[in-house]
Amino acid sequence: MKYNRNAKIGRRIAGKNIHGYRPDMLCGPSNVIFDTVSKSFIICDYHNRRVLQWAPRSKTCTKTIIKNVECFGLAMDDEGSLYVSDTERHEVRRYRPGKKYGTVVAGGNGQGRRLHQLNHPTYICIGDNQSVYVSDSWNDRVMRWDKGAKEGVIVAGGNGKGKNRTQLDHPAGVLVDQLGTVYVADHWNGRVMRWRKHARQGDVIAGDKFLSGQYPNELNGPEGLAIDRYNNLYVADSNNHRIQRFDIQTT
């Protein structure tokens, strides 16, 4: 769905009102990005195990980019390479433009919690020098894998499941800014946390510190994140079935 600024009604840009496998349908889409080069949407069609390319105003997908993949997260770097997290293989792969086969850039060493492993990776984003930030959801941590690295570095969480400022509970959406500050949707804790570079603990910048809820200052199962140029933080507040906007300049 697409919502213009201040609009109260959205417009459907992909899929139907029911799930399915046909070229004009989706089933459990988990992530979407816009490719400025091809002027098309790239969609993780999660339960259909495929990544699709969907042109604006098209009634059906224009191309199946990747097949037979339990894709969840998507990201694209400044060279046009596509990054896809695979929750079944516990890895993130990079697909260069025009290539059918990807290269493992994070995980890929089986399911686990060692630094060279991931456990159900979901959301991803790309930092400086093609470093990959990934929500290692079932390990309750966010990791950074530098280009060519054999193992990752924990940048948020990693101290077991919990509500303390050193902990996360099933991290979801993740962003990183130019200063290396990591923003993460702490899904089951109902909050968004900010972890400054090299910090040992994070700060709660959206949602209640302890409880989930449905009031305007609360979240319940936050998922995807986005930040605009005015430092507004947008949160997919999944269990409240809404998108919330927070001004993080004041936090």
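**Aromatic pairs, strands and loops in a predicted model**

Both Phe-72 and Tyr-123 are buried, where buried means under 20% relative accessible area, exposed means over 50% and partly exposed lies in between, with a 1.4 Å probe and protein chains only. The structure is a predicted model, in which local features need pLDDT of at least 70, side-chain atom pairs count only at pLDDT 80 or more, and totals for chains, interfaces and linings use all residues. Residues are numbered from 1 along each chain as its sequence is written, and side-chain values use heavy atoms, with hydrogens and water left out.

**Aromatic rings**

- Rings of Phe, Tyr and Trp (its six-membered ring) pair if their centres lie within 6.5 Å, and planes under 30 degrees apart count as stacked, over 60 as edge-to-face and the rest as tilted; by this rule the count comes to 3 aromatic pairs.
- The rings of Phe-34 and Phe-41 have centres 5.1 Å apart and planes at 65 degrees, so this pair is edge-to-face.
- Within that pair, Phe-34 is partly exposed, with a relative accessible area of 39%, whereas Phe-41 counts as buried at 17% relative accessibility.
- The rings of Phe-72 and Tyr-123 are also edge-to-face, because their centres lie 5.3 Å apart and their planes stand at 75 degrees.
- Phe-72 lies in strand β5 and Tyr-123 in strand β9 (residues 121-126), so the pair ties together parts that are 51 residues apart in sequence; helices (H or I, at least four residues) and strands (E, at least two) are DSSP runs, numbered from the N terminus.
- Ring pairs link Phe-72 and Tyr-123 with Tyr-46 into a cluster.
- Arg-50 lies over the face of Tyr-21, at 4.4 Å from the ring centre; a charge sits over a ring if NZ of Lys or CZ of Arg is within 6 Å of the ring centre and within 35 degrees of the ring normal.

**Strands and their pairing**

- Strands of a sheet pair through backbone hydrogen bonds, either parallel or antiparallel.
- An open sheet of 4 strands has the order β13-β14-β15-β16, with antiparallel pairing, where two strands pair if DSSP finds at least two bridges between them.
- Strands β13 (171-176) and β16 (203-207) stand at the edges of this sheet, each with a single partner strand, so one side of each is left without a neighbour in the sheet.
- Strand β14 (residues 182-186) pairs with strand β15 (residues 191-195) in the antiparallel sense over 5 bridges, and Val-182 stands opposite Trp-195 in β15.
- Strand β18 (residues 232-237) and strand β19 (residues 242-247) run antiparallel and are joined by 6 bridges, with Arg-245 in β19 as the bridge partner of Tyr-234.

**Loops, turns and positive phi**

- Most residues other than glycine have a negative phi.
- Asn-68, in the loop between β4 (63-67) and β5 (71-76), has a positive phi near 50 degrees and is partly exposed, with a relative accessible area of 48%.
- Asp-140, in the loop between β10 (132-136) and β11 (141-145), has a positive phi near 55 degrees and is buried, with a relative accessible area of 5%.
- The hairpin formed by β18 and β19 has 4 residues between the strands, and His-241 in the turn has a positive phi of about 55 degrees.
- Trp-188 is found in the loop between β14 and β15, and its C-alpha is 6.2 Å from that of His-170, although the two are 18 residues apart in sequence.
- Leaving aside neighbours within four places in sequence, Trp-188 is in contact with Asp-169, His-170, Ser-212 and Asn-239, where contact means heavy atoms within 4.5 Å.
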